[in-house]
Amino acid sequence: MSCDERFAQEARALGSSFDGEIKIGGNYVPLVRDGRHLYLSGQIPRVGDTVVVTGAAGADASLQDAQRAAKVCALRALALLQRALGSLDAVSAVLRITVYVQSAPGFTQQSEVADGASEVLYRVLGPVGAHTRTSVGVLQLPKNATVEVDLIATTG
């Protein structure tokens with residue numbers, strides 16, 4: 001099964017579609033390519049016009065909700081890579097991801113939230129999706145999103 005087929009399967013499993021426009025806000029681009037490297041701006045768990053998981057993990061959003069948000073963020077990033085490269089099979093490595101988690105006081109499971117994004121990247125890309133990672137708890141994120149994920153990938 002191709003990476004693109006696994007991507008579609010993961011999106012269906014989450015009940016999300018990334019067929020339409022991937023909206024951004026502001027004066028920036030969602031992806032910059034520099035030679036073999038692709039740098040993706042932070043992705044929040046937005047599907048269409050809706051941020052599907054909002055609020056602080058550990059208060060407004062459960063750990064499971066926050067993990068789902070991280071999965072949606074990773075799928076948005078993969079959708080951007082797919083559009084830029086024509087196919088996710090062109091990705092040769094995901095070098096690094098950073099996962100920002102809007103966290104309630106005392107919430108310390110940022111790495112478990114980040115596991116949602118890591119899981120999606122590995123399931124879609126296989127060993128190519130293995131990456132280095134940092135997960136950080138923050139007070140607030142754009143649009144009150146629970147999670148934001150950025151990443152750096154390379155092509156062959």
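A salt bridge is taken here as a side-chain nitrogen of Lys or Arg lying within 4 Å of a carboxyl oxygen of Asp or Glu. The structure is a predicted model, in which local features need pLDDT of at least 70 and side-chain atom pairs count only at pLDDT 80 or more, while totals for chains, interfaces and linings use all residues. Residues are numbered from 1 along each chain as its sequence is written, and side-chain values use heavy atoms, with hydrogens and water left out.

By the salt-bridge rule, the count is four. One of them pairs Glu119 with Lys71, their closest N and O atoms being 3.3 Å apart. Because Glu119 lies in helix α3 and Lys71 in helix α2 (residues 63-85), this pair ties together parts that are 48 residues apart in sequence. Helices (H or I, at least four residues) and strands (E, at least two) are DSSP runs, numbered from the N terminus.

A salt bridge also joins the side chains of Arg123 and Glu10, at 2.6 Å from N to O. This pair links distant parts of the chain, with Arg123 in helix α3 (residues 110-125) and Glu10 in helix α1 (residues 3-13), 113 residues apart. Glu10 is buried at 11% relative accessibility, whereas Arg123 is partly exposed at 36% relative accessible area; buried means under 20%, exposed over 50%, and partly exposed in between (1.4 Å probe, protein chains only).

Glu119 is partly exposed, at 33% relative accessibility. Through shared partners, salt bridges join Glu10, Lys71, Glu119 and Arg123 into one network.

Turning to the strands, five of them form an open sheet in the order β1-β2-β7-β5-β6, with mixed pairing. Two strands pair if DSSP finds at least two bridges between them. Strands β1 (31-34) and β6 (132-138) are the edges, each pairing on one side only. From one strand to the next, the twist averages 15 degrees. Strand β5 (residues 91-102) runs parallel to β6 and is joined to β6 by seven bridges; Val99 has Ser135 in β6 as its bridge partner.

Helix α2, which holds Lys71, lies across β1, β2 (37-43), β5 and β7 (147-155), running at about 35 degrees to β7. Contact means heavy atoms within 4.5 Å. Axes are lines fitted to C-alpha atoms, for helices over the stretch in contact, and angles run from 0 to 180 degrees between N-to-C directions.
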